[in-house]
Amino acid sequence: MDGAAECLHKSVDIRRRLVEDDENHELRYDLAWTLGYHGSILQDLGRLDEAETCLDEAVNILRQLVEHEGQHELGNNLTTALNNHGRVLQMLGRLDEAETCLRNGVDLLEIIVNHEGTKELCDKLNILHDNLKNIALELEQQTDFKRESHPS
């Protein structure tokens, strides 16, 4: 798996240079996809800080494409990136950020489901809701622990 991570790192570098050289920036989606895949591999390897960096960049690129440039057909890809980023943030213990990230993904996917309504998207929405619920439970446990550790 380390070999895959190294190959993806090289692929990210190549795509990044291509995006910088392309005045129309038409290759940004490819870069975001590669960053997301690289982040997932890094997550599997336990290299969470590196994974978070890749996934954060992927989310930012996709957000720009969807929200600011009107490429709404990439909205589902953005929800996937937000979910993956949120899960890594959760693994890093950055629960507030994870909750915000997943909430953004759920909100966007609810809009997409209301518009397209396919079973696949509904299933994905259920997964995102479950992930968000898990983070809320973890935040609640963290709050309870702090309260028990430092009584008033």
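Select Leu78 first: setting aside neighbours within four places in sequence, Leu78 is in contact (heavy atoms within 4.5 Å) with Val59, Leu62, Arg63, Val66, Glu67 and Leu108. The model is predicted, with local features requiring pLDDT of at least 70 and side-chain atom pairs counting only at pLDDT 80 or more, while totals for chains, interfaces and linings use all residues. Residues are numbered from 1 along each chain as its sequence is written, and side-chain values use heavy atoms, leaving out hydrogens and water.

**Helices H3 and H4**

Next, select residues 48-68, helix H3, and residues 75-91, helix H4; helices are DSSP runs (H or I, at least four residues), numbered from the N terminus. Their axes lie 9 Å apart, at an angle of about 155°. Axes are lines fitted to C-alpha atoms over the stretch in contact, and angles between N-to-C directions run from 0 to 180 degrees. H3 and H4 are therefore roughly antiparallel (over 145 degrees) to each other. The crossing of H3 over H4 is left-handed, meaning that the near helix is turned anticlockwise from the far one by less than a right angle.

To display the contact, show residues including Leu55, Val59 and Leu62 in H3, together with residues including Leu78, Ala81 and Leu82 in H4. The residues of this contact comprise 12 nonpolar, four polar and four charged. Here Ala, Val, Leu, Ile, Met, Phe, Trp, Tyr, Cys and Pro count as nonpolar, Asp, Glu, Lys and Arg as charged, and the others, Gly among them, as polar.

**Helices H4 and H5**

H4 passes H5 in a left-handed crossing. Among the residues that meet are Leu78, Thr79 and Leu82 in H4, and Cys101, Leu108 and Ile112 in H5. By class, this contact has 10 nonpolar, nine polar and one charged residues.

Now centre on Thr79 in H4. Not counting residues up to four places away in sequence, Thr79 touches Gly105, Leu108, Leu109, Ile112, Lys124 and Leu128.

**The nonpolar core**

Finally, select Leu31, Leu35, Ile61, Leu62, Leu78 and Leu109, the residues with the most contacts inside the largest nonpolar core, which has 36 residues. Such a core is a set of buried Ala, Val, Leu, Ile, Met, Phe, Trp, Tyr and Cys residues joined through side-chain atoms within 4.5 Å.

Note on methods:
Helices (H or I, at least four residues) and strands (E, at least two) are DSSP runs, numbered from the N terminus. Angles under 35 degrees count as roughly parallel, over 145 as roughly antiparallel, 65 to 115 as roughly perpendicular and the rest as oblique. Buried means under 20% relative accessible area, exposed over 50%, partly exposed in between (1.4 Å probe, protein chains only).
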